[in-house]
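Here are my notes on this model. Please read them with the structure open beside you.

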Amino acid sequence: NHQAALEDLAALLRLNKKHFGALRSRATLLHKAGDVQGAIFTYSQAISANPSIAETYFARAEVYEKMGKVELALSDYAMVSKLEPSNREAILRQALHKFKQGLWGASTQYFTQLLRMDPNDTMARIHRSKAQYNLGRYTEALQDLSAAIHLEPTGAQ
């Protein structure tokens, strides 16, 4: 029961307004209940209480994305990458947003990061190939596309 859990968390937060676990749980419940403004506010409080937890930035970024606030989401994903440099999902989200924005150079850098972590990431190869093509780097684009086809002959499109 979301409402009962929110009431329990409110009681705990009356005792300690900066209780990270309670703030994080409250934000998650608010997000699930559709209260995106309340979720953003409460995730921000949780971040203030403990700014070194990457998962909280990631959760807030997902809410920002749903609200269409891409720049705020990207800022939080960048913070996740700073706190956890090997967080593939944060790097991927940044790469895809830069790709959608037509920022080919930036997206190429993010896809390259992903490929350093996993050279067999077909999706990253295909996207980097398209970005390289749009930058006029045809040889590099063809190399990535060829590698993607060799990795996944039936799935590279």
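1. Phe58, Glu62 and Glu65 in α4 meet Glu89, Ala90, Arg93 and His97 in α6. Contact here means heavy atoms within 4.5 Å. Helices (H or I, at least four residues) are DSSP runs, numbered from the N terminus. This is a predicted model: local features need pLDDT of at least 70, side-chain atom pairs count only at pLDDT 80 or more, and totals for chains, interfaces and linings use all residues. Residues are numbered from 1 along each chain as its sequence is written, and side-chain values use heavy atoms, with hydrogens and water left out.

2. How do the axes of α4 and α6 cross? They come within 12 Å, at roughly 25°. That makes α4 roughly parallel to α6. Angles under 35 degrees count as roughly parallel, over 145 as roughly antiparallel, 65 to 115 as roughly perpendicular and the rest as oblique. Axes are lines fitted to C-alpha atoms, for helices over the stretch in contact, and angles run from 0 to 180 degrees between N-to-C directions. The crossing of α4 and α6 is left-handed: the near helix is turned anticlockwise from the far one by less than a right angle.

3. Now α3 (residues 36–49) against α4 (residues 54–67). Their axes come within 10 Å and cross at roughly 155°. The two helices are therefore roughly antiparallel. This crossing, too, is left-handed. On the α3 side the contacts include Val36, Ile40, Tyr43 and Ile47. On the α4 side they include Tyr57, Arg60, Val63 and Met67.

4. Thr42 also belongs to α3. Its relative accessibility is 2%, so Thr42 counts as buried. The cut-offs are under 20% relative accessible area for buried, over 50% for exposed, and partly exposed in between (1.4 Å probe, protein chains only). Leaving out residues up to four places away in sequence, Thr42 touches Leu23, Arg26, Ala27 and Leu30. Of these, Leu23, Ala27 and Leu30 are among the buried residues of α2.

5. The length of α2 (residues 20–32) checks out. Its 13 residues should span 18 Å at 1.5 Å a residue, and the end C-alpha atoms are 18 Å apart, which agrees. The expected span is 1.5 Å times one less than the number of residues. Just after α2, Gly34 has a positive phi of about 90°.

6. At the start of α6, a side-chain oxygen of Asn87 comes within 3.2 Å of the backbone nitrogen of Glu89. Gly102 follows α6, with a positive phi near 75°.

7. What caps the N-terminal end of α8 (residues 122–134)? Asp121 does, with a side-chain oxygen 3.2 Å from the backbone nitrogen of Met123. The buried residues of α8 include Arg125, His127, Arg128 and Gln132. The buried set packs against α6 (88–100), α7 and α9 (138–151).

8. Finally, Thr112 in α7 (residues 104–117). At 18% relative accessibility, Thr112 counts as buried. The side chains of Thr112 and Arg128 make a polar contact at 3.0 Å. A polar contact is a pair of N or O atoms within 3.5 Å; within protein, one must be able to donate a hydrogen and the other to accept it, and residues adjacent in sequence count only if both atoms are side-chain atoms.
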